[in-house]
Amino acid sequence: MLLSLMENCCRGPQHRGKRRCVHTRIKEIDYLRAISAIAVISIHVTASYVETSVMAFAWNQVARFAVPMFILLSGLSLALSDRGSIGRREFFKRRYNKILLPYLIWSILYFTYAQQYNLGSVEPWVLLTTLGKHMVKGTAYVHLYFLVIICQLYLIYPFLKSLLRTKTSWTLTVSFISTLVMHMAIYLHANQLIVLPSIKVPYVILFPVWVFYFVLGMFVAMRFNEISAFVGKLTLWQTFVPWFASLIVLVVDSEWTDTFASSTKPSTLLYTVVSALFMYRLSTSMTGWPRKVLHPVCWFSTHSFFIYLIHPLIISELFQFKGWRVGDSGLVMLFILTIVSSCILAYLGSRFKFVHLFGGVFIRPKLRKEIVTKVDYPN
């Protein structure tokens with residue numbers, strides 16, 4: 001998950017044919033998480049420009065792997081860190097404390113923000129009822145549905161883990177069919193070819209829509225050494241060509257069917273899987289970059305959950321300044337200011353112990369120095 005990979009125990013590289021588990025961070029996962037977080041911000045920043053700007057449309061579609069990739073990384077990181085040393089009750093307690101409290105707090109904050117002009121004119125019980133419905137649906141603000149999905153996947157994680165260990169191929173196949181069928185149904189409904197029955201909650205928050213990404217991440221964790229070694233033998237060009245081809249399929253599909261705002265369709269499923277391959281290969285090549293570049297990337301990854309939660313509020317506030325946000329130059333400026341503002345708030349928040357209530361990561365002063373001086377980034 002995008003929640004503090006610093007505490008995870010991850011499997012190290014394969015050594016003389018044997019697996020070993022080392023207490024370290026897999027830096028490639030940090031890089032993937034940072035890339036995915038930037039992609040999420042890109043989707044939300046470009047959303048208001050997509051229909052008037054070719055650049056915004058292309059940028060938005062390139063970033064469409066973001067939410068599925070985060071779910072894949074959630075399954076990957078969770079499985080890597082889970083060595084079966086804690087009971088199921090303790091597992092749920094730890095995970096849901098990191099998800100539910102921030103979800104409840106941010107839902108209230110965003111709901112209050114969205115209803116700020118109605119607070120004095122609407123009965124309190126009506127507001128509370130409406131807030132409760134939004135919390136169930138994950139619709140208090142545009143991005144909070146993700147946490148509802150993660151809560152469901154965490155709930156079935158022990159079951160999926162058991163199935164994946166005993167019936168690997170079957171679990172992968174069934175989860176893939178589930179996600180593909182749900183994507184296809186939502187896609188056909190969006191194109192008015194079928195009518196899905198009303199279930200009073202958005203289909204997009206249902207776990208079968210996303211379960212394949214989560215299971216795929218868990219599977220990669222199970223075979224991490226073999227898969228990492230296989231991808232490492234591929235050249236960037238060998239992974240870039242399929243990625244670019246899948247992007248073209250996605251762009252054409254989005255343009256022809258007017259479904260550019262959707263991440264739940266078969267072309268996005270294809271694009272995400274191919275993007276995972278390409279971007280992991282890209283992340284392995286990043287290990288040779290200078291430490292001055294990689295340290296901010298890993299810092300961004302560590303605080304990506306807080307950044308994910310707060311950045312739509314920043315975009316909404318920045319978007320009120322109409323003078324400078326016109327055209328592509330305004331789009332780029334909005335993106336830069338959102339990134340910078342989110343990072344500043346995450347940095348300030350990391351100074352306070354209670355920041356975990358908001359999905360942040362508190363870093364003690366001594367640990368800050370250790371992170372800068374002792375983390376094994378390449379020179």
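Author: D253 sits in helix α10 (residues 236-257), where helices are DSSP runs of H or I with at least four residues, numbered from the N terminus. This is a predicted model, in which local features need pLDDT of at least 70 and side-chain atom pairs count only at pLDDT 80 or more, while totals for chains, interfaces and linings use all residues. Residues are numbered from 1 along each chain as its sequence is written, and side-chain values use heavy atoms, with hydrogens and water left out.

Reader: Is D253 buried or exposed?

Author: D253 is buried, that is, under 20% relative accessible area, with exposed being over 50% and partly exposed in between (1.4 Å probe, protein chains only).

Reader: And which side chain of opposite charge is nearest to D253?

Author: That is K265, 4.0 Å away, yet D253 has no salt bridge (a side-chain nitrogen of Lys or Arg within 4 Å of a carboxyl oxygen of Asp or Glu).

Reader: What does D253 touch?

Author: Leaving aside residues up to four places away in sequence, D253 touches Y187, D258, T259, K265 and S267, where contact means heavy atoms within 4.5 Å.

Reader: Switching topic, where is L337?

Author: L337 belongs to helix α14 (residues 327-349), and L337 is partly exposed, with a relative accessible area of 30%.

Reader: How far apart are the C-alpha atoms of L337 and L318?

Author: They are separated by 8.2 Å, although L337 and L318 are 19 residues apart along the chain.

Methods
Helices (H or I, at least four residues) and strands (E, at least two) are DSSP runs, numbered from the N terminus. Lys and Arg count as positive and Asp and Glu as negative; His and the chain ends are not counted.
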